[in-house]
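Subject: Structure for you to look at

Hello,

Here is the structure I promised to hand over. Please open it first, then read my notes below.

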Amino acid sequence: MSVKVTGKIERKGIGPGTWALVGEDGQSYELHKAPDDLKRSGIQVTVEGQVREDVMTFAMIGPVLEVTKFEVKD
């Protein structure tokens with residue numbers, strides 16, 4: 001499923017650590033193979049990508065989102 005989410009990037013200390021996108025609606029997405037430019041806690045972004053239902057993770061903080069496109073907000 002393709003989605004577009006605006007929110008904030010957070011580093012979660014679950015397991016070995018993972019990057020998450022917390023949407024404006026409060027929904028958390030675990031970023032799958034996050035690009036290096038997204039690995040900065042606190043930045044506001046809009047991310048487009050695919051929700052991957054075929055991927056399981058240790059963190060289990062929400063749907064797994066594979067990023068296809070993103071924009072960092074000012």
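Predicted model: local features only at pLDDT ≥ 70, side-chain atom pairs only at ≥ 80, totals over all residues.

Now the strand pairing. S4 covers residues 44–51, and S1 covers residues 2–12. The two run antiparallel and are joined by seven bridges. Gly7 faces Val45 of S4 across this pairing. S4 also pairs with S5, residues 64–72. That pairing is antiparallel too, with seven bridges. Here Glu48 stands opposite Lys69 in S5.

S1 has another partner as well. S1 pairs with S2 through six bridges, in the antiparallel sense. Gly7 turns up again: Gly23 in S2 stands opposite Gly7. S2 then pairs with S3, antiparallel, over three bridges. Val22 lies opposite Ser28 of S3. S2 and S3 form a hairpin, with four residues between them. Gly26 sits in the turn and has a positive phi of about 95°.

Is S2 mostly covered or mostly open? It is mostly covered, since six of its six residues are buried. In a regular strand, side chains alternate between the two faces of the sheet. In S2, Thr18, Ala20 and Val22 point one way. Trp19, Leu21 and Gly23 point the other way. Residues on both sides of S2 are buried.

Next, the charges. How many salt bridges does the structure hold? There are five. Three of them are described here.

- Lys12 and Glu10 meet through their side chains, at 2.8 Å from N to O. Lys12 is partly exposed, with a relative accessible area of 23%. Glu10 is partly exposed, also with a value of 23%.
- Asp54 bridges to Arg52, with the closest N and O atoms 2.8 Å apart. Asp54 is exposed, at 58% relative accessible area. Arg52 counts as partly exposed, at 22% relative accessibility. The cut-offs matter here: Asp54 is exposed because 58% is over 50%, while Arg52 is not buried because buried means under 20%.
- Glu71 pairs with Lys73, and their closest N and O atoms are 3.8 Å apart. Glu71 is partly exposed, with a relative accessible area of 47%. Lys73 is partly exposed as well, at 35%.

Together with Glu66, they are linked in a network of salt bridges.

After that, look at S2, with six of its six residues buried, and then at the Arg52, Asp54 and Glu66 network.

Best wishes

Notes. Residues numbered from 1 in each chain as written. Heavy atoms only, no water. Pairing = 2+ DSSP bridges. Salt bridge = Lys/Arg side-chain N within 4 Å of Asp/Glu carboxyl O. Buried < 20%, exposed > 50% of the residue type's maximum accessible area, 1.4 Å probe, protein only.
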